[in-house]
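Please look over the sequence and the model below before reading on. The paragraphs after them go from the overall fold to single residues.

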Amino acid sequence: MTSTPAKSVSTPNISCGAALELIAAARAAAKRLGVNMAVAVTDTGGHLRAFERADHAPFLVAEVAINKAWTAASFGRPTHVWNEIVQSPEVSPLNHHPRMTALGGGYPVVENGQVIGGLGLSGGSSAQDQQAAEEALREMGFEVK
């Protein structure tokens, strides 16, 4: 008797409820910093799961937040680390991908060591976006890489 390899795999994804709670935690962190931000949460495939843009946040930050979440979910790394990584000639072509975002504020959403989504914040400085994202992830009990 031979075993047939599986033709599909189960992939854990952030739930809608957790994505909405993460948005609320990020909104609160942005408010503490005094910054109007857009916040995006994607699933592991980079598909938008939840989104919010503060009333006075510029419209461009919406797309940037979504792309930060996409980038973080895609590679399981925070977006701010990409500035150094893309200096390598082997990966520098990623700079030309239209969704690749190497600005601080994007983090993988990690539960039990496994990426279950991406979080992206935009509207403040890179440092403010990072700080608010880290606060939100920690408040929700997610791991911060």
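This is a predicted model: local features need pLDDT of at least 70, side-chain atom pairs count only at pLDDT 80 or more; totals for chains, interfaces and linings use all residues.

Residues are numbered from 1 along each chain as its sequence is written, and side-chain values use heavy atoms, with hydrogens and water left out.

The protein chain has four helices and four strands, where helices (H or I, at least four residues) and strands (E, at least two) are DSSP runs numbered from the N terminus. Along the sequence these elements follow the pattern α-β-β-α-α-β-β-α. The radius of gyration of the protein chain is 16 Å, close to the 15 Å that the globule rule gives for 145 residues, so the chain is as compact as a globular protein of that length; the radius is taken over C-alpha atoms, and the rule is 2.2 Å times the number of residues to the power 0.38. Along the principal axes, the C-alpha atoms fill a box of roughly 65 × 40 × 25 Å.

Of the 145 residues in the protein chain, 41% are buried, a term that means under 20% relative accessible area, with exposed meaning over 50% and partly exposed lying in between (1.4 Å probe, protein chains only). Among the contacts with a separation of 6 or more, 66% are between residues 24 or more positions apart, contact being defined as heavy atoms within 4.5 Å.

The segment before α1 (16–33) holds Ala-6, which counts as exposed at 67% relative accessibility. Leaving aside neighbours within four places in sequence, Ile-14 is in contact with Ala-19, Leu-22, Val-41, Thr-42, Asp-43, Arg-49, Val-109, Ile-116 and Phe-142. Ile-14 and Val-115, 101 residues apart in sequence, are 8.9 Å apart in space, C-alpha to C-alpha.

In the loop between β3 and β4 lies Asn-112, which is exposed, with a relative accessible area of 74%. Asn-112 has a positive phi of about 55° although it is not a glycine; most residues other than glycine have a negative phi. Strand β4 is the place of Ser-122, and Ser-122 is buried, with a relative accessible area of 6%. Not counting residues up to four places away in sequence, Ser-122 touches Asn-36, Met-37, Ala-38, Val-61, Val-64, Ala-65, Lys-68 and Asp-129.

Asp-129 is one of the buried residues of α4, which also include Gln-130, Ala-132, Ala-133, Ala-136 and Leu-137. What covers these buried residues includes α1, α2 (60–75), β3 (106–111) and β4 (114–122). At 1.5 Å a residue, the 14 residues of helix α4 (residues 126–139) should span 20 Å, and its end C-alpha atoms are 20 Å apart, which agrees; the expected span is 1.5 Å times one less than the number of residues. Just after α4, Gly-141 takes a positive phi of about 85°.
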